Amino acid sequence: FNRGMWEYGNGISKDIANNMITQLKASPEMQEVIDGVMSTVKSGTFLWSVPASVEFKEGDLFYAIQHAEVKITGIPLFPNMWMLGIQVSDTYDFTQLRLISGEITFGNAVNDLGFLMQKVGMVHPYDWSISYGILYWRQQ
């Protein structure tokens, strides 16, 4: 909310991006997305901006991101080992009311508050993107 309210959607700071990268690297949801993409790649093959998406179900990444687009680029280093570039991006916005159509949860209540604040101009949507690299090894 902070960036959307007081900074009029001016993207994310380096500190926030670094925190997000640390959490993304440790995220089981991100690992599942990466494994899914890499399961279709033959050993020694280059990857060029392979699209995917991720949905976080709990914790900080759920409240901060929830849904995002992912692009994976990779350079083969050895058989079954790649240096991957991971780009995660989204538009920070609120597009739907959830309490009306879903269950009553803290996450849905916060989303609905954001939705209403965006409708009256108190929160401003913005696009964000972060990139990081990992070494990926696939067992045979």
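Colleague: In what order do the elements of the chain run from the N terminus on?

Modeller: This is a predicted model. The chain has 5 helices and 4 strands. From the N terminus on, the order of these elements is α-α-α-β-α-β-β-α-β.

Colleague: What percentage of the contacts with a separation of 6 or more is between residues 24 or more positions apart?

Modeller: The chain has 140 residues, and 39% of them are buried. Among contacts with a separation of 6 or more, the share from residues 24 or more positions apart is 64%.

Colleague: Where is S27 placed, and is S27 buried or exposed?

Modeller: Helix 2 spans 14-26 and helix 3 spans 28-38. S27 is in the loop between them. Its relative accessible area is 4%. The cut-off for burial is under 20%, so S27 is buried.

Colleague: Which residues does S27 contact, leaving aside neighbours within four places in sequence?

Modeller: S27 and F56 are 29 residues apart in sequence. Their C-alpha atoms are 8.6 Å apart in space. F56 is one of the contacts of S27. With its neighbours within four places left aside, S27 is in contact with F56 and L61.

Colleague: Which side chain makes a polar contact with the side chain of S27?

Modeller: S27 has a polar side-chain atom 3.1 Å from the backbone nitrogen of M30. That pair involves backbone on the M30 side. The polar contact between side chains, at 3.1 Å, joins S27 to E29.

Colleague: Where on helix 3 do its buried residues fall, and within what arc?

Modeller: The buried residues of helix 3 are E29, M30, V33, I34, V37 and M38. Seen down the helix axis, they line one face, because they fall within an arc of 170°.

Colleague: Which exposed residues does the face of helix 3 turned away from its buried side carry?

Modeller: The cover over the buried residues of helix 3 includes helix 2 and strands 1, 2, 3 and 4. The face turned away from the buried side carries exposed residues. They are P28 and E32.

Colleague: Which strand gives the largest share of the nonpolar patch?

Modeller: The patch is made by F46, I75, L77, F78, M83 and L135. Its area is about 630 Å². The largest share is 3 residues, from residues 67-78, strand 2.

Colleague: Is L135 buried or exposed?

Modeller: L135 is found in strand 4, residues 126-137. This leucine is part of the nonpolar surface patch. Its relative accessible area is 52%. The cut-off for exposure is over 50%, so L135 is exposed.

Note on methods:
Residues numbered from 1 in each chain as written. Predicted model: local features only at pLDDT ≥ 70, side-chain atom pairs only at ≥ 80, totals over all residues. Heavy atoms only, no water. Helix = DSSP H or I, 4+ residues; strand = E, 2+ residues; numbered from the N terminus. Buried < 20%, exposed > 50% of the residue type's maximum accessible area, 1.4 Å probe, protein only. Contact = heavy atoms within 4.5 Å. Polar contact = N/O pair within 3.5 Å; in protein donor to acceptor, adjacent residues only side chain to side chain. Patch = residues over 30% accessible without salt bridge, like charges linked within 9 Å, V, L, I, M, F, W, Y side chains within 5 Å. Areas by Shrake-Rupley, 256 points an atom, 1.4 Å probe, with all protein chains shown as cover. Salt bridge = Lys/Arg side-chain N within 4 Å of Asp/Glu carboxyl O. Arc of directions from axis to C-beta.
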